[in-house]
Amino acid sequence: MDGDQPFSSRFDDVYFSRESGLDETRHVFLTHNRLEQRWTALSAGEHFCIAETGFGTGLNFLAAWQLWQACAPVDTFLHFVSTEKYPLSRTDLQRALAIWPELGPFSAELLSQYQDLTPGWQHFSFAGGRVTLTLLIGDLFDTLPQLDAAVDAWFLDGFAPARNPDMWQPALYQRMAELSRPGATVATFTSVGDVRRGLIAAGFAMQKVKGFGRKREMLCGQLEQAPASRWQAPWYARPNTTTERSAIVVGAGLAGCSTAHSLARRGWQVTVLERLPEIAGAASGNPQGILYCKLSPHHPPLSRFIQSSYQYSLRLLQRELEPGEGRWQACGVLQLGSDEKELRRQQGLADQGYPHSFLYAVNAAEASALAGVKVERSGLFFPGGGWVSPPALCRRLLEHPNIQVRTTTTIAELRRDDDQWQLLDENGNQLATSGTVIICGAHETARFAQTRHLALKPIRGQITHLPADNDSSRLKTVLCADGYVSPARQGQHHLGASFRFDRLDLVPSDEENQHNLELLLGLSPELHQHFSSTPPLGARVGLRCTAPDYLPLLGPVLKPDSFLQQYAVLGKDASQQPDEQAPWQPGLYVNTAHGSRGMISAPLSGELLAAWLNNEPLPLPRDLSEAVHPSRFLLRQLVRGKQTSRHKPGPAGQRQ
């Protein structure tokens, strides 16, 4: 930053002109993509997608949002997708945007959710769900190929071709054309001949028009000839969706409440059906859920999914749930090294260059100072983490006028009749009907005939309640290793958790309480000694649900027998590329198998389900959306020649 004027030393250029940057954005990107005319003409429920190269200070996004609010019908939705290789820190972003007081309300909402960003995909929701922002943090030649979206308008921004030649390449223009809807528009401040010719070669009809201020010319255009579409696996393609904007969500735990909330914010009418008398009555009913973000320095799919989900959950909490009063606390999470392997993993993460506000390494003395109690191990500190009351969050997510909740309602059977799902009780009586059903029932998701093939496994977990006193209340952060212990909430600490496959009842056991106390020894011998002679106040048991690869199942559901017959050729040659549309269960989706990570993975999973149902840009890269897709297990069975096992739950792995 140069004073309050943002300047990039990497590209030796300013982000925008202090005197006319906002007017230039309006002239180049808003006017020459004809946004006001196009937005005024939108019909109820319509979505519009802008994609941008180079988020920078967010000025283009905020100017577009301001115009959208001024002229788009109130029941329409804007999706803004932007790439950024070098994101600004929150401090620099705040200083840069302070130049534009007329954007203050929009800047304030962005800054309230914006933290120093880590690589990967960062998803934001604003304006009560009318505006979403997805930031693709990384090199655009890595991120744009993974984008699943249909773009209506392009903001071709970024530092000038002479300053940033690596970006302005034919491969970019080709990918823009591939992602564009028919008739998509593009505008850019530059008039360089190579850029114009590259866009024309990709299928855009381009013209030079008057530039802004001292800049004589700029480019704008429209997609005239769409490129041939690339093959996409039909079992991961988007199924046809209904125009009826209503759905039934089965299950009122974190997954179900997050799904209902994401749909309701987009104008859907949602009915949530819960078999228990209260919401969050099963595994989501623990008094404290931990914002636990265990990552790998090698960035496998699970680690990347967790990282994006963790940061979205923090944004959701800041937006939706007031801290304190037993609801949630951003007290920080200390992940302590339990052995040499874990210490090496943690050091690898600390060496990755994450922002200090996201994580940093601490020695035992520093960990003790942060925790407020003596800790004898080094580890990683996540300043933004902490604990949440899952029931409080579930209640808040369901507080929306578009959501109705029916408890004590057990669904025994799903039956498709024409274009509607009938939800029946055990006597065959109809409880509800809808064209769209999302099952969020943890391991009970597999009770239905349509979802019986899904590889789901229940795992028993017991937490132990310990009495807080003046000494134990010195604990200021969550401590995690093989188990966890929380700071005091309403006079209690919560310690856990057991991890058992051999019993699935919900009766607390003294054995598991003792096991949890032994876990405490690895977290803080001081706390272990303190509680060693103190009887627990009680315990709570829940059944987690996991899949063999530890990733959740999020998305539309296939008909397994039809799938195995239709794509049998893959069992002989997995390199085949069949084009026949996948045999979907029409209007049926699942959101399940979050394991012990539901507190961080459920909110983003709700956004992913809503994006599937609304044909929006997916908030995850395509490879990750496929990694969590319910189709993945059928595909693996087919390729490995295991069709005969398709109706059996897959084996459960060990705890991560």
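A cavity is, on a 1 Å grid over the protein atoms alone, a set of points where a 1.4 Å probe fits but cannot get out, and its lining residues have an atom within 4 Å of a point. The model treated here is predicted, so that local features need pLDDT of at least 70 and side-chain atom pairs count only at pLDDT 80 or more, while totals for chains, interfaces and linings use all residues. Residues are numbered from 1 along each chain as its sequence is written, and side-chain values use heavy atoms, with hydrogens and water left out.

**Exercise 1. Describe the largest cavity: what volume does it have, and which residues line it?**

Solution. The structure holds three cavities of 30 Å³ or more, a volume being the space filled by probe spheres set on the grid points, which are joined across faces, edges and corners. The largest cavity contains about 50 Å³ of space. Its lining consists of His 79, Val 81, His 123, Thr 132, Thr 134, Arg 266, Glu 607, Ala 611, Glu 616, Pro 617 and Pro 619. Strand E4 (77-84), strand E6 (131-137) and helix H17 (598-614) are the elements that give two or more residues to this lining; helices (H or I, at least four residues) and strands (E, at least two) are DSSP runs, numbered from the N terminus. By class, the lining has four nonpolar, four polar and three charged residues, where Ala, Val, Leu, Ile, Met, Phe, Trp, Tyr, Cys and Pro count as nonpolar, Asp, Glu, Lys and Arg as charged, and the others, Gly among them, as polar.

**Exercise 2. Which element gives the most to the lining of the second largest cavity?**

Solution. The second largest cavity has a volume of about 40 Å³. Among the residues that line it are His 47, Phe 48, Cys 49, Asp 152 and Arg 181. Strand E3 (residues 47-53) gives the most, with three residues. The lining as a whole divides into four nonpolar, three polar and three charged residues.

**Exercise 3. At what angle do the axes of helix H9 and helix H13 cross, and which residues make the contact?**

Solution. Axes are lines fitted to C-alpha atoms, for helices over the stretch in contact, and angles run from 0 to 180 degrees between N-to-C directions. The axes of H9 (residues 254-264) and H13 (residues 390-397) come within 9 Å and cross at roughly 25°. H9 and H13 are therefore roughly parallel to each other, since angles under 35 degrees count as roughly parallel, over 145 as roughly antiparallel, 65 to 115 as roughly perpendicular and the rest as oblique. On the H9 side the contact (heavy atoms within 4.5 Å) is made by Leu 254, Cys 257, Ser 258 and His 261, and on the H13 side by Pro 390, Leu 393, Cys 394 and Leu 397. These residues divide into six nonpolar, two polar and no charged.

**Exercise 4. How are helix H3 and helix H5 oriented to each other?**

Solution. The axes of H3 (residues 59-71) and H5 (residues 104-113) come within 9 Å and cross at roughly 120°. H3 and H5 are therefore oblique to each other. In the contact, Leu 62, Trp 65, Gln 66 and Gln 69 of H3 meet Phe 106, Ser 107, Glu 109 and Leu 110 of H5. The residues of this contact divide into four nonpolar, three polar and one charged.

Technical notes:
On a 1 Å grid over the protein atoms alone, a cavity is a set of points where a 1.4 Å probe fits but cannot get out, and a pocket is an open set with protein on both sides within 12 Å along at least five of seven lines; lining residues have an atom within 4 Å of a point.
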